Structures are given as structure tokens and as C-alpha cells.
Amino acid sequence: MQLVKLVLASAVLCLGACTHLPSPPAAGFSAQGKVNIRQGNQSDTAQFVWLASPAQDQLSLSTPFGSVLAELVLHYQGDTIRLAELNRGTQIDRADDPEALLHTLTGLQLPVSGLRWWLRGQARPDTPYERDGEVLIQNGWRISASDYRSGTYPYRIELSRADLKVRIMITEWNTAAP
């Protein structure tokens, strides 16, 4: 009986110690690839580059032919976005809500507030979440990260909520500071 208690206590301690907590990018990272956003019968595809540093993220969206659609900069205070700036060429718009800003000015619905973590297959640390097997559920989104070909980061992330589906295919990861 003592052995069973010892094994159970060890397992509980290991689970607590082995839990991987999401973290902001200490030195930064970058990812690039393609994003497909599908809602109902409408579908939009764009190329993207995501540059992350501890204080800010920059998302550049472009057409499949390389024309820049928009550049979104997210400024953080800890894990919370304090300001979003959307650059559309000669005009810069600012807002507290990056999703609303992006949607209003480009028509794209993309959950950018969580992407800093979701791109890396992690939960956003400042918001409650659940796990359903390999699927992360957070902020009303079902996030499925897969294709860990290098072992560290996923190359395929699928997000879904109601009738909105976002598929992200990463072609290149860089874990050095951008």
C-alpha cells in the first residue's frame, strides 16, 4: 500500500513539474507561410510573415503574388495587447481591438490576439483554456496544431469557430530574434 501511495505521489509531482506553461517569446521568433480564411461560401487566401519579439508582434499580409495588403503591429504589456496599429500604405489606424481593426479595414477575420501562442501550439497564458485530446479550446476557438516535423513548432494550425475556419500552413520557422 505504501508503494502505491509513493507511486501516486510521484506521478502527481511529475505532472505538476512537467506541465509546459506558455511563455512569451524570450528572444523572438518568426514564421511565414500561407493562411486561408473560410466563412460560409467565401474564402480568402494570403501569404503572411509573423515577427514576434517580447514587446510586439508584426503581421504582414500579402496577396499570393506578393503585393502587401496590410501590416498589423501588436504592442504588448506583459501578455496583454495594449495597442494595435494597422498600416495600409499611407494610412495608419490604431485601436485596442486588433481583430475588429483588421476586419473593419481589410474584411479579414483572423484571431490575431491569440496567434502569438497558437502558432507555436500553446495556449494564451492570460485566458482560460481547455483541452479536448490534442485540440486546444480557447476564446471560443478550437485550435489544432499538427505536423511537428522539426519537433518544436507546428507547421499546420487549424482554427475553427462557428462557421469560420482558418488554416495556417507554415513554410518556414526561425527561432532567432527577428
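Does Y76 count as buried or exposed, and what is the relative accessibility behind that label? In this predicted model, Y76 has a relative accessibility of 7% and therefore counts as buried, the limit being under 20%.

The protein chain contains three helices and 11 strands. Read from the N terminus, the elements follow the order α-β-β-β-β-β-β-α-α-β-β-β-β-β. Of its 178 residues, 37% count as buried. The chain exposes about 10100 Å², and carbon and sulfur atoms supply 54% of that area. Among the contacts between residues at least 6 apart in sequence, 38% join residues that are at least 24 apart.

The aromatic side chains come next. Four aromatic pairs were counted. One of them joins Y76 and W117 in an edge-to-face arrangement, with 6.2 Å from centre to centre and 90° between the planes. Y76 belongs to strand 4 (residues 68–77) and W117 to helix 3 (residues 112–118), so this pair ties together parts of the chain that are 41 residues apart in sequence. W117 has a relative accessible area of 0% and is therefore buried. Elsewhere, F29, Y153 and W173 are linked into a cluster by ring pairs.

R149 lies over the face of Y155, at 4.1 Å from the ring centre.

Note on methods
Residues numbered from 1 in each chain as written. Predicted model: local features only at pLDDT ≥ 70, side-chain atom pairs only at ≥ 80, totals over all residues. Heavy atoms only, no water. Helix = DSSP H or I, 4+ residues; strand = E, 2+ residues; numbered from the N terminus. Buried < 20%, exposed > 50% of the residue type's maximum accessible area, 1.4 Å probe, protein only. Contact = heavy atoms within 4.5 Å. Areas by Shrake-Rupley, 256 points an atom, 1.4 Å probe, with all protein chains shown as cover. Phe/Tyr/Trp six-rings, centres within 6.5 Å; stacked < 30°, edge-to-face > 60°. Lys NZ or Arg CZ within 6 Å of the ring centre and 35° of its normal.
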